[in-house]
Amino acid sequence: MSNTKTFIFGRRARAAVLSLAAALIWFGATPAAGQAVPGRTAAGNGNVAAPQLPATQFSYAAVVSRVAPAVVTVRSERRVARGAQEFPFLDDPQFREFFGQRLPRGGDQQPRTERQRGLGSGVIVSADGYILTNHHVVEGSSDIRVELNDRRIMTARLVGSDEPSDLAVLKVEATGLPVLTLGDSDRVQVGDIVLAVGNPLGIGQTVTSGIISAKGRQTGLSDGSFEDFLQTDASINRGNSGGALVNTQGELIGINSQILSPSGVSIGIGFAIPSNMARDVMDQLVKAGRVRRGMVGVRIQPVDAEIASALGLADVRGALVSEVTPDSPAARAGLKRGDVILNFNGTPVADSNAFRNAVARTQPGTQVTLTVLRGGREQQLRATLAELPVETGREGREGGEPSAAEADTGRLGATVEPVTPETAARLELPRDARGLVVTRVNPEGAAADAGLRRGDLIQEVNQRPVTSVEQLRTALAGAGDRPVLLLVQRGGATSYIPLRPRRQ
């Protein structure tokens with residue numbers, strides 16, 4: 001009986017709600033002359049039906065059906081050397097006395113190689129097999145395979161990879177493939193509806209929806225050199241990296257790259273590389289196998305409200321010059337410490353990150369115009385951009401460009417700088433030391449594989465002295481696939497260390 005009462009009450013309540021809704025539709029709006037009223041019958045008999053909305057407002061199936069075939073799964077494999085001493089207790093005398101001296105010593109164990117498998121996503125951008133993905137999805141891989149939406153599996157070749165932007169281009173030998181059209185990410189607005197497509201956690205192709213939450217974001221989670229992320233709350237997880245972020249027209253507006261999360265799974269803060277940046281990087285990788293970026297030669301920092309007030313700026317924007325590299329394009333153009341860069345080639349500079357990205361997108365050798373604020377007055381300066389060294393380090397450069405004296409050569413996998421009396425004293429080197437000091441080692445780079453450490457002094461490459469980053473870079477580039485012989489000073493002793501440079 002009670003169930004029946006509940007059911008009857010539920011029907012009455014529902015009828016009341018429907019009646020109220022009908023009344024609101026009928027009385028809520030007065031149409032203009034000649035304007036149809038949604039839901040009213042053509043006969044004008046007063047019956048009210050639910051308003052008929054376009055199907056696209058209820059479903060993105062049509063968009064997904066166009067987009068999904070062009071999004072692929074990327075599976076990579078690389079070999080990683082593991083240290084020999086997995087069991088350091090084997091060298092413990094008490095342990096050996098208890099279990100016997102016939103056990104191998106820890107130091108006697110041989111290094112071993114492990115296979116590491118990676119999973120990510122990619123986007124087909126040309127019918128003849130070019131695929132965009134993330135650098136970190138394929139970094140160091142010896143074998144890359146692509147699984148298409150129709151379950152075909154193809155071997156992929158790495159055309160080129162660019163760590164600063166976290167982008168890479170693959171190529172499969174095929175024709176007539178489904179493709180995604182690259183949209184204009186500059187036209188994307190906060191609040192736009194977007195779909196993220198990829199293979200999260202290896203469960204298979206998955207589509208999630210959300211909006212653009214912000215633009216021009218920096219996270220600092222990767223190399224961080226050139227970050228201009230679109231932020232979205234569309235769910236992105238491990239395996240989505242390299243996949244597509246599309247708008248409701250089915251255009252590719254971003255390559256999914258990162259998330260922020262305390263747990264490692266999506267909490268609605270994801271980041272995608274804008275399609276305009278991806279297009280520029282891809283074109284250069286396909287044409288030349290590497291990316292060339294402009295450099296003006298300044299160290300810059302953001303302008304906050306306090307700095308803007310102190311400098312008399314009407315708006316909190318621009319990039320504050322904190323250092324000018326000697327003999328750089330900036331120095332030759334007359335840029336000075338304390339200048340605030342307000343415009344780059346006529347385009348307002350929102351912040352230091354926007355300025356750095358604008359310079360980087362401009363090809364070396366291009367003459368540019370800088371509008372700067374100096375002493376309360378605006379003036380224009382002209383500079384011809386130099387080329388930014390490959391994979392420059394960013395440590396200690398808040399939002400700035402690299403110092404010409406320090407760079408991370410991508411083939412070496414270590415940050416080096418010419419030795420000076422100051423660095424010699426800091427690293428306890430002889431005052432008359434000559435060469436390049438290793439200031440940072442990438443744990444997954446060639447330098448780490450060879451055993452280089454922070455504080456090592458590289459004196460020679462292939463028995464030729466090196467005193468500048470450019471000399472080292474030239475020597476590594478000339479090595480091709482052959483190893484190079486480094487003369488390294490460490491702790492008062494020198495020794496030769498063979499190193500096989502990584503391919504760019």
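Colleague: What should I keep in mind about the values?

Modeller: This is a predicted model, in which local features need pLDDT of at least 70 and side-chain atom pairs count only at pLDDT 80 or more, while totals for chains, interfaces and linings use all residues. Residues are numbered from 1 along each chain as its sequence is written, and side-chain values use heavy atoms, with hydrogens and water left out.

Colleague: Why is the pair of phenylalanine 344 and phenylalanine 355 called edge-to-face?

Modeller: Rings of Phe, Tyr and Trp (its six-membered ring) pair if their centres lie within 6.5 Å, and planes under 30 degrees apart count as stacked, over 60 as edge-to-face and the rest as tilted. Phenylalanine 344 and phenylalanine 355 have centres 5.9 Å apart and planes at 85°, so they pair and count as edge-to-face. The pair links strand β17 (residues 340-344) with helix α8 (residues 352-361); such elements are DSSP runs numbered from the N terminus, helices being H or I of at least four residues and strands E of at least two.

Colleague: Why is α8 described as largely enclosed by the rest of the structure?

Modeller: Eight of the ten residues of α8 are buried, so the helix is largely enclosed. Its buried residues pack against several strands, including β9, β16 and β19, where contact means heavy atoms within 4.5 Å.

Colleague: What makes the lysine 171 charge sit over the ring of tyrosine 130?

Modeller: The rule asks for NZ of Lys or CZ of Arg within 6 Å of the ring centre and within 35 degrees of the ring normal. The charged end of lysine 171 is 5.4 Å from the centre of the tyrosine 130 ring, and it is counted as sitting over that ring.

Colleague: Which residues touch the most other members of the largest nonpolar core?

Modeller: Val146 and Leu180 do, among 43 residues; such a core is a set of buried Ala, Val, Leu, Ile, Met, Phe, Trp, Tyr and Cys residues joined through side-chain atoms within 4.5 Å.

Notes:
Buried < 20%, exposed > 50% of the residue type's maximum accessible area, 1.4 Å probe, protein only.
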